[in-house]
Amino acid sequence: MDKQNTTCKQVMHYICDNLGEDIDSPKCIAIKEHLNNCGNCQTYFKSVDYTIMFYKKYDVKISEEAHKRLMNHLGLED
Amino acid sequence: MTEEKIILEAQNGNRQALSELVKMYEQTVYNFAYKICRDRDRAEHTMQETFMSMIRSISQFSGKSKLSTWLYTIVSNHCLMMARASKKKFHTSFDDDDALIDEKSIANWNVTPDRVTENNELKEILDEAIKKLPPDYRIVFTLRDVEGLSTEETGNITNLSIPAVKSRLHRARAFLRNELNETFQNG
């Protein structure tokens, strides 16, 4: 989903797809009405989004020593 | 030279091409292995075993999937094997969806994700939280949300059905969010 141009309908499709529900089902309509007016849900989804971002940004770089040990282990030294 | 050509050369026993493939993917494999193992020594061991498997089986690589997908599969299997061997018990129950979302604990967080790159204390908190997840949940979360693979690709790598991937992803997200919430919420 394009984050900049996400519409409510796309969000609903996404949530309802995960629930296996049709977009026009009573369950999805009730979810949409709730989401539109619920600060609690918006805060919750923001913290889930942050959780994912934290782990995305946490990268580890391979050290030069680990690279050498790898090439040595594989018999592919320069 | 394109990756396809390098793989073909490697399949014909070209040592230089094999070396080139290892160099192209060592950072991806090490990073992914670290994200699953959460330990530098284990990540390095997994990376070495993954490339050893790649060299042994490169002639069988058909090109139907991406080489990166093939490598993710080897890393995932290796990590699951190590986890089974360690016989570590995971005490958290992931069967009760209601217990994973506690309405009373919803609050704004006082930290933003861009701080993670330079903050070791924050990294420790993230490591401790994800280590509590069973390995299959950790792998699904990392493949889908962190590495950005599709549900289908994640299912193929982990040998899980699409509903099983979705259910593990939902539970892993909710669990990690709850673990971090205890530290990051205001007040």
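I started with the domain contact inside chain B of this predicted model. I found 11 residues of domain 1 of chain B in contact with 14 residues of domain 2 of chain B. I noted the bounds from the domain assignment: domain 1 is 3-86 and domain 2 is 97-184. The C-alpha centres of these two domains of chain B lie 24 Å apart.

I then asked which elements of domain 1 of chain B give two or more residues to the side that touches domain 2. They are helix H2 (15-37) and H4 of chain B. H4(B) gives the most, with seven residues. By class, I have six nonpolar, three polar and two charged residues on this side of domain 1.

Next I followed H4(B), residues 67-86, to helix H7(B), residues 135-146. Their axes come within 10 Å and cross at roughly 155°. The crossing is right-handed. From H4(B), the contact uses B:Tyr72, B:Ser76, B:Cys79, B:Leu80 and B:Ala83. H7(B) brings B:Pro135, B:Asp136, B:Ile139 and B:Leu143. I sorted the residues of this helix contact into seven nonpolar, one polar and one charged.

Last, I looked at chain A against chain B. The contact takes 24 residues from chain A and 34 from chain B. On the chain A side, helix H3 (39-57) and helix H4 (64-73) each give two or more residues. H3(A) has the largest share, 13 residues. I recorded the classes on the chain A side as 14 nonpolar, seven polar and three charged.

Definitions and conventions:
Residues are numbered from 1 along each chain as its sequence is written. Chains are lettered from A and ligands numbered from 1 in the order in which they are written. This is a predicted model: local features need pLDDT of at least 70, side-chain atom pairs count only at pLDDT 80 or more; totals for chains, interfaces and linings use all residues. Axes are lines fitted to C-alpha atoms, for helices over the stretch in contact, and angles run from 0 to 180 degrees between N-to-C directions. Helices (H or I, at least four residues) and strands (E, at least two) are DSSP runs, numbered from the N terminus. A crossing is left-handed if the near helix is turned anticlockwise from the far one by less than a right angle, and right-handed if clockwise. Two residues are in contact if their C-beta atoms, placed from the backbone, lie within 7 Å. Ala, Val, Leu, Ile, Met, Phe, Trp, Tyr, Cys and Pro count as nonpolar, Asp, Glu, Lys and Arg as charged, and the others, Gly among them, as polar. Domain bounds come from an automatic or database domain assignment.
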